[in-house]
Amino acid sequence: SRATLFDAENKVKITFDDVAGLDEAKEEIKEIVEFLKNPKKFTDLGGKIPKGALLIGPPGTGKTLLAKAVAGEAGVPFFSLSGSDFVEMFVGVGAARVRDLFKQAKEKAPCIIFIDEIDAVGRSRGRGAMPGANDERENTLNSLLVEMDGFATDSGIIILAATNRPDVLDSALMRPGRFDRQISIDKPDIIGREAIFKVHMSSLKLAPDVVANKLAAQTPGFAGAEIMNVCNEAALIAARKNKQAIDMQDFQDAMDRVIGGMEKKNKIISPHE
Ligand code: ATP
């Protein structure tokens, strides 16, 4: 059925308050919220509203979260799909899926289309790891470019795409009228990590010894996704010990566990790099 082709959320509850840190990125992306809420204000003066923006940054830093917050702030539907879903697709399926996505988005406009891991489809044409898989990937990319060129800038659709490999992207994607805006998202510094801890702690029962800025100081190199994991692990560890509140020791144990997981993942990933 249609629902299996991509995720469509009609009521997004995430707002900028859920996104900690990332002040510059938020500032830049706020303009897109304005375009969605009040396009006429811009088009009346003859301006062309951008069709797309690229969110560039390492895994787990909140790119998806920020894209959802744009939809939540503007009060528009959020359609999402991941570039990696196209990689092992039968001939014609990827391109058809892209066309269907845009068809539905046009019916629901104003809206956001979010394409995660766009590098999986958007690698520059003529390069790529898997021979054979390439043709279909290129078909999918071509159909994405055709769809992006095919709607008017005032149609109320804005496409956000995320990548951590901007270097491999086909330059056609970045042409004017496509993803001509780029917003970079970095791993959080200590202040950012403290803010992210606070967001994820707000729903937890904490012991008085838990201090967000101490945890931030102990987690250099952590992205938001890992901080979220630490908070969740800490809650599970405390529950297993039948505690009434989560204390600093639980966070300590949770950090060790998350660091262990990060090291394992790096070992698996590194031979391919
Ligand atoms: P990927 O590139 O792996 O898709 P991403 O950059 O899209 O990652 P998200 O999926 O947005 O990252 O982040 C995963 C989760 O981590 C979020 O749902 C959120 O709970 C948490 N998180 C990440 N960054 C932040 C942040 N800046 N503030 C609050 N929570 C964050």
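**Figure 1. Leu22 in the loop between strand S1 and helix H1.** Leu22 lies in the loop that runs between strand S1 (7–9) and helix H1. The model shown here and in the other views is predicted. The phi angle of Leu22 is near 50°, a positive value in a residue other than glycine. Most residues other than glycine have a negative phi.

**Figure 2. The cis peptide bond between Ala109 and Pro110.** Ala109 and Pro110 are joined by a cis peptide bond, with omega at about 0°. Most peptide bonds are trans. Pro110 is found in the loop between helix H4 (93–108) and strand S4 (111–116).

**Figure 3. Residues around the ligand.** The ligand has 17 residues around it, and those that come nearest are Ala20, Gly60, Lys63, Thr64 and His200. By residue type, the shell around the ligand divides into eight nonpolar, six polar and three charged residues.

Figure 4. Three helices, H3 (63–74), H7 (190–201) and H9 (224–240), are the elements that give two or more residues to the shell around the ligand.

**Figure 5. The crossing of helices H7 and H9.** Both helices contribute to the shell around the ligand. The axes of H7 and H9 come within 9 Å and cross at roughly 45°. Because of this angle, H7 counts as oblique to H9. The crossing of H7 and H9 is right-handed.

**Figure 6. The packing of helices H1 and H3.** Helix H1 spans residues 23–37 and packs with H3 at an angle of about 40°, their axes being 9 Å apart. H1 is therefore oblique to H3. The crossing of these two helices, H1 and H3, is right-handed. H3 is also one of the helices that give two or more residues to the shell around the ligand.

Key. Residues are numbered from 1 along each chain as its sequence is written. This is a predicted model: local features need pLDDT of at least 70, side-chain atom pairs count only at pLDDT 80 or more; totals for chains, interfaces and linings use all residues. Side-chain values use heavy atoms; hydrogens and water are left out. A residue is near a molecule or strand if one of its heavy atoms lies within 4 Å of it. Helices (H or I, at least four residues) and strands (E, at least two) are DSSP runs, numbered from the N terminus. Ala, Val, Leu, Ile, Met, Phe, Trp, Tyr, Cys and Pro count as nonpolar, Asp, Glu, Lys and Arg as charged, and the others, Gly among them, as polar. Axes are lines fitted to C-alpha atoms, for helices over the stretch in contact, and angles run from 0 to 180 degrees between N-to-C directions. Angles under 35 degrees count as roughly parallel, over 145 as roughly antiparallel, 65 to 115 as roughly perpendicular and the rest as oblique. A crossing is left-handed if the near helix is turned anticlockwise from the far one by less than a right angle, and right-handed if clockwise.
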